[in-house]
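Subject: Structure handover

Hi,

Here is the structure I promised to pass on.

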Amino acid sequence: MKKVICFLLIVMLVFLPSCKTVSDTDSGFDNNTKTGKVFTGDINDKKFTRFRLSDHCSYSQFIETYKGIYYLVGHTVYFSSDGIAKYVKLCSKPDCMHMDDYNCNAYIKTNLIAYYDGYIYCVALWEGNYWLFRMNMDGTDHVPIKLISTMQERYAGFFEHGYLYYYKGCIGRIGNTNTVIYRTPVFDNSEGTVVVDAKDKGIGVDEIMLFYPQDEHLYIYTYSPDKKYSVCRYSMENGQWSDFVNTEWCYENVLTGTDKVYWYLNGEGFYEYTYETRKTEHVADVAGEGFYSVSYNDEYIYACQYFETEDSVTSPMFYIFDRQYKLIDSVKIDIEEKCYNPLYLTELDDYIILSTSTWNRPPDYYLLKSEIGSGDIKVRKIGE
Ligand SMILES: [Zn+2]
């Protein structure tokens, strides 16, 4: 239950001005999109291409695009027109049983998906090695783009603004042989280039627990038995490393901002580290009794209580704080399903998306952000 694996969030590494606009009618995708409305913005808006730091689906399972929402679970890609409409398997083959076999458009053997420039990308096992794959937004044409690493080398990686950042090893597992992080564009077949070697910061093989790009930085989490998790960052602009910040917790419950690192420790409360002063401060008390997953955005902090045991009968509380740690609102998530992981999954402009299981079904509940502060937040079922 305790999610030890880490994975995470946000960036703006490479500015790729590509102001294309596409209407939904261009792709024959309308059978899946219920709205049929024409999108007139930038299809590569950074909100679509950034690494979603505040998501609690450990890998990049949830992506927002100009067409709608895609969600990966169990090697199957689902689609929802707006994130709260029913999630359907991304396959319109007339005779397909969608039984997760290799012939179904929705099926692909990968752990995370990403969006860029009108396509869905992932790294999947193919012919025994890890390949970058591209697929159309209606799920058709799964195309291998380039070899990323061999089965022997292993692989972990995250997408950001049309680039894949990857490591030839496994995050949080022993047996790795190197500490180099590479980058490669998704839109051509060029080879990956070295971004940084973590050993330059004294990080050994098997110590990389997580890495992700954010703005011009690459963040790397390490683990040691005495300090638990620490995070440091490497500037891809000037080649400088920051100090390690000892957050104790891994990416969940941590926000790495440009000037500060924010995190929550169960039983202790909220902390902030300021890069300029190099100081860590305890800034607010615990959210409440029990264990919480905590997620930050520009306006709010969400603290979602999760069950300590699978037999727990308590309905979890969902607290909403402002960024000064003042409680704004709360709601009891009183639902039939037992959940075995933090309920909070991610958020969209208007909704907070909840999931009772991130490994065997699409998101199933949501809250309306417009109800925050009303004292009467309703828990709503997705697809109804
Ligand atoms: Zn199918």
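Four strands form an open, antiparallel sheet in the order β13-β14-β15-β16. Its edge strands are β13 and β16 (245–248), and each of them pairs on one side only. From one strand to the next, the twist averages 25 degrees. Strand β15, residues 228–235, pairs with β16 in the antiparallel sense over 2 bridges. Look for Val231 there: it stands opposite Val245 in β16.

Before going further, a word on confidence. This is a predicted model. The mean pLDDT of the protein chain is 86. Of its residues, 87% reach 70 or more. Be careful with residues 1–34, where the pLDDT is below 50. That stretch still has 94 contacts in the model beyond near neighbours in sequence.

Overall make-up

The protein chain holds 1 helix and 28 strands. It has 384 residues, and buried ones make up 43% of them. Take the contacts between residues at least 6 apart in sequence: 43% of these join residues at least 24 apart.

The core

The largest nonpolar core has 99 residues. Which residues have the most contacts inside it? They are Ile113, Tyr121 and Ile220. Leave aside its neighbours within four places in sequence, and Ile220 is in contact with Ala198, Ile203, Ile208, Phe211, Val231, Cys232 and Tyr234. Val231 is the residue that stands opposite Val245 in β16.

Is Ile181 buried or exposed? Ile181 counts as buried, because it has 25 C-beta neighbours inside 10 Å and the cut-off for buried is 20 or more. Again leaving aside neighbours within four places in sequence, Ile181 is in contact with Tyr165, Tyr167, Val195, Val196, Ala198, Phe211 and Leu218. Ala198 sits 17 residues away along the chain, yet its C-alpha atom is 7.5 Å from that of Ile181. Ala198 and Phe211 are on the contact list of Ile181, and both are on that of Ile220.

A second sheet

Another open sheet has 4 strands, in the order β5-β6-β7-β8. The pairing is antiparallel here. Why does one side of β5 and of β8 lack a neighbour in the sheet? β5 (110–116) and β8 (143–150) stand at the edges with a single partner strand each, so one side of each is left without a neighbour. Neighbouring strands are turned by 25 degrees against each other on average, direction ignored. β7 covers residues 129–136 and pairs with β8 over 6 bridges, in the antiparallel sense. Phe133 stands opposite Pro144 in β8.

Two hairpins

Strand β21 runs over residues 291–296. It is largely enclosed by the rest of the structure, because 5 of its 6 residues are buried. A hairpin of 3 residues joins β21 to β22. The two strands pair in the antiparallel sense over 6 bridges, with β22 covering residues 300–306. Ser293 stands opposite Cys304 in β22.

Then go to β25 and β26. β25 covers residues 344–347 and β26 covers residues 351–354. These strands are antiparallel and pair over 3 bridges. A hairpin joins them through 3 residues. Thr346 stands opposite Ile353 in β26.

Two backbone angles to check

Most residues other than glycine have a negative phi. The phi of His98 is near 50 degrees, a positive value in a residue other than glycine. His98 counts as partly exposed, because it has 16 C-beta neighbours inside 10 Å.

Asp215 also has a positive phi, about 50 degrees, although it is not a glycine. With 19 other C-beta atoms within 10 Å, Asp215 is partly exposed. The cut-off for buried is 20 or more.

Best wishes

Definitions and conventions: Residues numbered from 1 in each chain as written. Predicted model: local features only at pLDDT ≥ 70, side-chain atom pairs only at ≥ 80, totals over all residues. Pairing = 2+ DSSP bridges. Axes fitted to C-alpha atoms, helices over the stretch in contact; angles between N-to-C directions. Buried ≥ 20, exposed ≤ 12 C-beta atoms within 10 Å, placed from the backbone. Contact = placed C-beta atoms within 7 Å. pLDDT = per-residue confidence, 0-100. Core = buried A, V, L, I, M, F, W, Y, C linked by C-beta atoms within 7 Å.
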